[in-house]
Amino acid sequence: MGKKQSLINAALLLPPTVAVLLWCVQRVFSLDVSVDIFLLVSAVPVMVLLVKDTVVALSKQALGVDLLALLAIGGSMMLDQWLTAAIIAAMAATGRWLDSYAAGRAEREMTSLLAKVPRYANRLEGESQQRVPLAEIAIGDFLLVKSGEVVPVDGRLKDPLAVLDEATLTGEPTPVNYNAGALLRSGTINAGDAFRMTAIATAEASTFSSIIKLVEEAGRAKAPVTRMADRYAFWFIPATLALAGLAWLASGDVMRALAVLVVATPCPLLLAVPVAMISGISQCASRGVLVKSGEVLETLARANLLFFDKTGTLTGGKARLTAIHAADGVHTDEVLRLAAALDQMSNHVMATAVVQAANERGETRLPMPSDVTETAGAGLTGLLENRRVALGNFAYITGQLSFLPEWATQLQSRLDIEGSSSVYVAREGQLLGALEMADCLRLETPRALRMLKRAGIKRITMLSGDRQDVAEAIGNGIGVDEVFAGLQPQDKLSHIQEARQHGVAIMVGDGINDAPALRTADVGVAMGAQGAAAAAESAGVVLLNDRLDRLAETVIAAHRTMSIARQSVVAGMGLSVTAMLAAAWGWLPPVAGAVLQEIIDVAVILNALRALAPPAAVRQRQRFTVGTISKLNEEHAQLNPLLQHLAALARSLPQLEHATLVEELTRLDAMLQEQLLPHEKREEHQVYPAMARLLGGEDPLAALSRSHQEIFKQSRRLAMQIAALPISASALEIQELQRTLYGLDTILQLHFAQEDELYLSMT
């Protein structure tokens, strides 16, 4: 319900409330003035509305509880019970107003971003700036976003820093910093200085436009929020009419029948259930999760099976460049420059990682490609500096080559064994090099899966198009119960169709190939921030911020919402039935019954509004600020080149000549002593004590502190091995050095992953 409906309901409530107050004043002060006419007139507008709603319900062959309210008001008027009629009218109007309040709250949460829709953009052409309609923005346009303006389309940041307010999309109240090359989503607000960006999508194809379409679709969809209520109302209305009739026949007193109708009107469950459902949807929206209907929320509360797509859903949160391989005569920087330049036109997670890596290495003035064609999930081609450049996976790029060198085949064989990703770069049919990528798990994935298990999910299944061994390496390590790999879209569909015979299934995906499975599942969940529009449109739930832990929060909120709705129904029905029996026995006259029922209705509706608050399971009284966590994450990002160098040196150690070996080892030791160890000491003595105070317990970070000890131990061992390295190192000594390097690399990778996950959970 919108603001207009809320005002109408408030206007309906005012006359009967004023009339009842006038009656009270007349009785208290014994005034010789009749207020009956005011009581009668005040009930007429509500009665007219009830007649309309009842006719509509009956035309749809449905029993509407408004029928009880209509009979109660009409009966009161026929029996000259003007006060009773006014109280029932006030009661019905109060319920409608509280219902519209909850709906209005949800609508404000879900559509507040619509007010932020940009209409124009600042396009830069040479040294000039033009303000043009959003529809005229094309891919590759150079744009300026001024302070306070909304990012008009999806694009790549060209300046060193942008500070964005993402509250309208993700619910995150603190501005987020982005560095050069980062993917910026339309709909976020520039909370810092003006910055420049390159458009990688038109306005219609951008994130913000897709989200607006989803919100509008959710608003148009008829949310069957009274499904639970209908199951109760089916027998409640006939039972009420039967009890009223029996009371009349048994006593011969029509006032008893009227009293029964009064205390049964309006039925609390038909008010409490919609209020609770809409409040639950509103609460989810405030956390950046779009739930399209009350039916979806109710189904989430019953779900016990969960299916995940792997790439872009469980993984894809932090793809990272780990190594660059170049053909003879080609510099690694050139391979990265060409790949990043072409990837400016893609919003794939791997493209973001490539552009980010290029910017971190000083490639801030990348050439702009033209005539770009992208094959989803495979690669893209385009003109760069008047030469045709192709970029993509091994299968895609081999189709673009005139000759496949042996080194590329050997590299791909190793990557296949390790389950790593790769991006190959070719120009004019000649292979220039390859980028080795790590498609990492999303930081929140392990925590999200644990939360979902606690929320009632009995079985978690991963569906993937990758090889079985690669998929199992990821799935088994994060607590997935079952892994199916090498699947086509129709195979995913079959798995979900079979699972639905044994339970209520949720499917989470992000790509176009996930759309059929999302639509087939009982509840489809789409990664909305960077996922495909087809997936988002097929889903019942859209995670606008691409965080899996928000899905767990939504399932928990669904359970809490349904629990509150059932609680309100049982309490309201129990009190109403008790009052109806008292009225049928003659212990409760119509006026007293109307007052009592008003109290019951208000109580159950206020109880239903508790669903607006977040569940206790996801509330955290004390948190780190986003700025603090961002600073810690930035320190880890600055140390990533060190980790890359460490892993690469460990692999290449046996092939290095002695002089180069000593030089590289000495350089690595200096990086450890000057960068890594001071960082770990600061964490141990400054960050960990502050985190321990927030987490509580005697020593909550003991395991991470133990990792610090091992890092210091391995670093010291490496330094001693380097110092003792003879002029001619034996194979055994090289092997021991490799063992130390691999050990240090393993403990650092694990330690950083543990810290990053913990930091994320505390924001």
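E385 sits in the loop between β14 (379-384) and β15 (387-392). Helices and strands here are DSSP runs, numbered from the N terminus: H or I of at least four residues for helices, E of at least two for strands. E385 is not a glycine, yet its phi is positive, about 55°. Most residues other than glycine have a negative phi. E385 is also partly exposed, with a relative accessible area of 45%. Buried means under 20% relative accessible area, exposed means over 50%, and partly exposed is in between, with a 1.4 Å probe and protein chains only.

A word on the source. This is a predicted model, where local features need pLDDT of at least 70, side-chain atom pairs count only at pLDDT 80 or more, and totals for chains, interfaces and linings use all residues. Residues are numbered from 1 along each chain as its sequence is written, and side-chain values use heavy atoms, with hydrogens and water left out.

Back to phi. D371 has a positive value too, near 50°, and is not a glycine. Where does D371 lie? In strand β13, residues 370-375.

Now the sheet. Six strands form an open sheet, in the order β2-β1-β3-β9-β4-β7, with antiparallel pairing. Two strands pair if DSSP finds at least two bridges between them. The edges are β2 (128-133) and β7 (183-184), and each pairs on one side only. Inside the order, β3 (residues 142-145) and β9 (residues 195-199) pair antiparallel over 4 bridges. L144 has R196 of β9 as its bridge partner.

Next, β5 and β6. Strand β5 (residues 161-165) runs antiparallel to β6, joined by 4 bridges. V163 stands opposite N177 in β6. Which side chains of β6 (residues 176-179) are buried? V176 and Y178, which point to one face.

Last, two helices. The axes of α10 (residues 294-302) and α21 (residues 548-584) come within 8 Å and cross at roughly 100°. So α10 is roughly perpendicular to α21. Axes are lines fitted to C-alpha atoms, for helices over the stretch in contact, and angles run from 0 to 180 degrees between N-to-C directions. Under 35 degrees is roughly parallel, over 145 roughly antiparallel, 65 to 115 roughly perpendicular, and the rest oblique. From α10, the contact (heavy atoms within 4.5 Å) uses L297, E298, L300 and A301. From α21 come T554, V555, A558, H559, T561 and M562.
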